[in-house]
Amino acid sequence: MKYTDLCSAVQNEIAQVLNSIDENKLNKFVELITRPGVKILGYSAGRMGFGLKAFLMRLNHFGISAYWFGDNYIPPMNENDVFICASNSGTTASVFNILEIFKNKAKGHIVSFVGNKESIMAVNSEIPIKFKTCNGGLNSADDDTKINSIQPMTTLTEQSMFILFDIVA
């Protein structure tokens with residue numbers, strides 16, 4: 001396959017993921033994270049985490065207090081604050097454990113970006129933002145509703161989340 005054909009195929013795949021996201025939920029998310037005085041905590045595993053971490057950095061550039069779980073200093077969080085997580089499967093244990101701690105201790109708002117709307121992360125989120133995922137993932141079964149990506153494993157999802165977070169910013 002030619003390079004230009006590969007580029008077109010990858011762009012088409014990413015467009016399918018981005019176009020699958022509920023714009024109303026995305027708007028609620030933006031309203032939630034741009035409220036005065038809000039603090040944001042984020043966490044995700046693997047390559048999904050890279051996109052989320054970059055987003056938190058960008059929020060700080062805009063003057064919004066955003067922290068990555070594991071940073072040296074995270075201020076106390078409360079019911080006004082927001083926890084953001086992202087998981088292709090919506091079941092990543094390390095991410096869900098942090099979500100649960102935030103939910104029980106800070107009692108704040110939780111937003112999850114997940115490939116499965118019925119996953120444990122989605123059902124424990126105030127705003128679960130579902131995206132169309134791809135076949136070939138490590139922690140999820142393949143099915144006809146998913147995109148058959150030409151890219152390895154869940155690369156499509158990871159790229160799409162990075163781009164989505166940049167669009168939100």
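Modeller: A surface patch here is made of residues with over 30% relative accessible area and no salt bridge, and nonpolar side chains are joined into one patch within 5 Å. The model is predicted.

Biologist: Which residues make the nonpolar surface patch?

Modeller: Met1, Leu6 and Ile150 make it, with an area of about 330 Å². Ile150 sits in the loop between β5 (127–130) and α6 (155–168). Its relative accessible area is 48%, so Ile150 counts as partly exposed.

Biologist: Which members of the largest nonpolar core touch the most other members?

Modeller: A core of this kind is a set of buried nonpolar residues joined through side-chain atoms within 4.5 Å. The largest one has 48 residues, and those that touch the most other members are Phe29, Ile40, Phe55, Phe83, Ile84, Phe113 and Met161. Take Phe83: leaving aside residues up to four places away in sequence, its contacts include Leu41, Tyr43, Val95, Leu99, Phe102 and Ile110. Gly42 and His109 are also among the residues that Phe83 touches.

Biologist: Is Ile64 buried or exposed?

Modeller: Buried means under 20% relative accessible area. Ile64 has 17%, so it is buried, although its place is in the loop between α3 (46–61) and β2 (65–68). Beyond residues up to four places away in sequence, Ile64 touches Ile33, Thr34, Val38, Ile40 and Leu59.

Biologist: How far apart are Ile64 and Gln159 in sequence and in space?

Modeller: They are separated by 95 residues along the chain and by 24 Å from C-alpha to C-alpha.

Biologist: Which residues of α6 are buried?

Modeller: An α-helix has 3.6 residues a turn, so residues three or four places apart point the same way. In this structure, the buried residues of α6 are Thr155, Leu156, Thr157, Glu158, Ser160, Met161, Leu164, Phe165 and Val168. Their cover includes α1 (3–19), α2 (23–33), α3 and β4 (109–114). As for its span, α6 has 14 residues and reaches 20 Å from its first C-alpha to its last, close to the 20 Å expected at 1.5 Å a residue.

Biologist: How many salt bridges does the structure hold?

Modeller: Side chains of opposite charge can pair when their charged atoms come close. The structure holds two salt bridges. One joins the side chains of Lys39 and Asp81, at 3.0 Å from N to O. This pair links distant parts of the chain, 42 residues apart: Lys39 is in strand β1 (residues 39–44), and Asp81 is in the loop between β2 and β3 (82–87). Lys39 is buried, at 16% relative accessible area, and Asp81 is buried too, at 0%.

Biologist: Which residue forms a salt bridge with Arg47?

Modeller: Glu158 does, and the closest N and O atoms are 2.5 Å apart. Glu158 counts as buried because its relative accessibility is 13%, whereas Arg47, at 45%, counts as partly exposed.

Biologist: What is the phi of Lys107?

Modeller: Lys107 has a positive phi of about 55°, although it is not a glycine. Lys107 lies in the loop between α4 (93–105) and β4 and is exposed, with a relative accessible area of 57%. Met153, another residue other than glycine, also has a positive phi, near 45°. Met153 is found in the loop between β5 and α6.

Conventions. Residues are numbered from 1 along each chain as its sequence is written. This is a predicted model: local features need pLDDT of at least 70, side-chain atom pairs count only at pLDDT 80 or more; totals for chains, interfaces and linings use all residues. Side-chain values use heavy atoms; hydrogens and water are left out. Patches are made of residues with over 30% relative accessible area and no salt bridge: like charges are joined within 9 Å, nonpolar side chains (Val, Leu, Ile, Met, Phe, Trp, Tyr) within 5 Å. Accessible areas come from the Shrake-Rupley method with a 1.4 Å probe; for residues, only the protein chains shown count as cover. A salt bridge is a side-chain nitrogen of Lys or Arg within 4 Å of a carboxyl oxygen of Asp or Glu. Helices (H or I, at least four residues) and strands (E, at least two) are DSSP runs, numbered from the N terminus. Buried means under 20% relative accessible area, exposed over 50%, partly exposed in between (1.4 Å probe, protein chains only). Contact means heavy atoms within 4.5 Å. The expected span of a helix is 1.5 Å times one less than its number of residues.
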